[in-house]
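Please keep the sequence and the model in view while reading.

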Amino acid sequence: MLAQFLADLVVLVHALFVLWVVLGGLLVLRRPRLAWLHLPALAWGVLVEWAGLMCPLTVLQNALLHQAHQAGYSGGFITHYLLAALYPDGLTRPIQWALGAGLFALNGIVYAILARRLGRLAPVGPDQD
C-alpha cells in the first residue's frame, strides 16, 4: 500500500517537473531570478527527449510499482490522468526529437524576450550619458 502511494506521488512530482520544464520559462518572464532553476531543468528535459534517456523518476516509479506487486500503470486518479500525458502510446524517437525541438524553441523565444527586457533595463554607464 505504501509503495503504491509513493509511486503515485512520484507520478505527481514527475508531472509537476514536466510542467516546470515546459512552462517554467513563462514564470521566468515575471521572476527572472528563477532562470537558475529553470535552465538546468530545461536542459535536462531536452537531453532526455533527444538522447532517448529514461528519467530517474520513471525508474523510481517502476521500482515502487514492482515493490507494490504491480506490473503496469493501472488504477487511481493520478495514474489514469497523468501517465498518459507522461508516457503516451506510440512515442517514437522522431516524436521525441520533435518534442525536444519544440521545447527548445518555445523556451528560446521566452528567454529571448527576457534578454530583450533585461537589456532595456540595463543601467546607463558613465560614458553613455
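Which handedness does the crossing of H1 and H3 have? The crossing of H1 and H3 is left-handed, a term used when the near helix is turned anticlockwise from the far one by less than a right angle, with clockwise giving right-handed.

## Basis and overall make-up

This is a predicted model, in which local features need pLDDT of at least 70 and side-chain atom pairs count only at pLDDT 80 or more, while totals for chains, interfaces and linings use all residues. Residues are numbered from 1 along each chain as its sequence is written, and side-chain values use heavy atoms, with hydrogens and water left out.

The protein chain has five helices and zero strands, where helices (H or I, at least four residues) and strands (E, at least two) are DSSP runs numbered from the N terminus. Along the sequence the pattern reads α-α-α-α-α. Of the 129 residues in the protein chain, 29% are buried, meaning under 20% relative accessible area, with exposed being over 50% and partly exposed in between (1.4 Å probe, protein chains only). Among contacts (heavy atoms within 4.5 Å) between residues at least 6 apart in sequence, 75% join residues at least 24 apart.

Two packed helices are described by the angle between their axes and the distance between the axes. For helix H1 (residues 2-30) and H3, the axes come within 8 Å and cross at roughly 160°; axes here are lines fitted to C-alpha atoms, for helices over the stretch in contact, and angles run from 0 to 180 degrees between N-to-C directions. H1 and H3 are therefore roughly antiparallel to each other, since angles over 145 degrees count as roughly antiparallel, under 35 as roughly parallel, 65 to 115 as roughly perpendicular and the rest as oblique. The residues of this contact divide into nine nonpolar, five polar and no charged, where Ala, Val, Leu, Ile, Met, Phe, Trp, Tyr, Cys and Pro count as nonpolar, Asp, Glu, Lys and Arg as charged, and the others, Gly among them, as polar.

Ala68 lies in the loop between helix H3 (56-67) and helix H4 (77-86). Ala68 counts as partly exposed because its relative accessibility is 21%. Leaving aside neighbours within four places in sequence, Ala68 is in contact with Ala3 and Gln4, and Ala3 and Gln4 are among the H1 residues that meet H3. Ala68 and Phe5 are 63 residues apart in sequence and 9.2 Å apart in space, C-alpha to C-alpha.

Helix H2 (residues 35-51) and H5 pack at an angle of about 160° with their axes 7 Å apart, which makes H2 roughly antiparallel to H5. The residues of that contact divide into 13 nonpolar, five polar and two charged. By contrast, H1 and H5 pack at an angle of about 10°, with their axes 9 Å apart, and are therefore roughly parallel to each other.

Asn107 is found in helix H5 (residues 93-120) and is buried, with a relative accessible area of 1%. The side chain of Asn107 reaches the backbone oxygen of Leu103 at 3.0 Å. Leaving aside neighbours within four places in sequence, Asn107 is in contact with Val21, Val22, Gly25, His38 and Leu42. Val21, Val22 and Gly25 are among the H1 residues in the contact with H5, whereas His38 and Leu42 are among those of H2 that meet H5.

Conventions:
A polar contact is a pair of N or O atoms within 3.5 Å; within protein, one must be able to donate a hydrogen and the other to accept it, and residues adjacent in sequence count only if both atoms are side-chain atoms.
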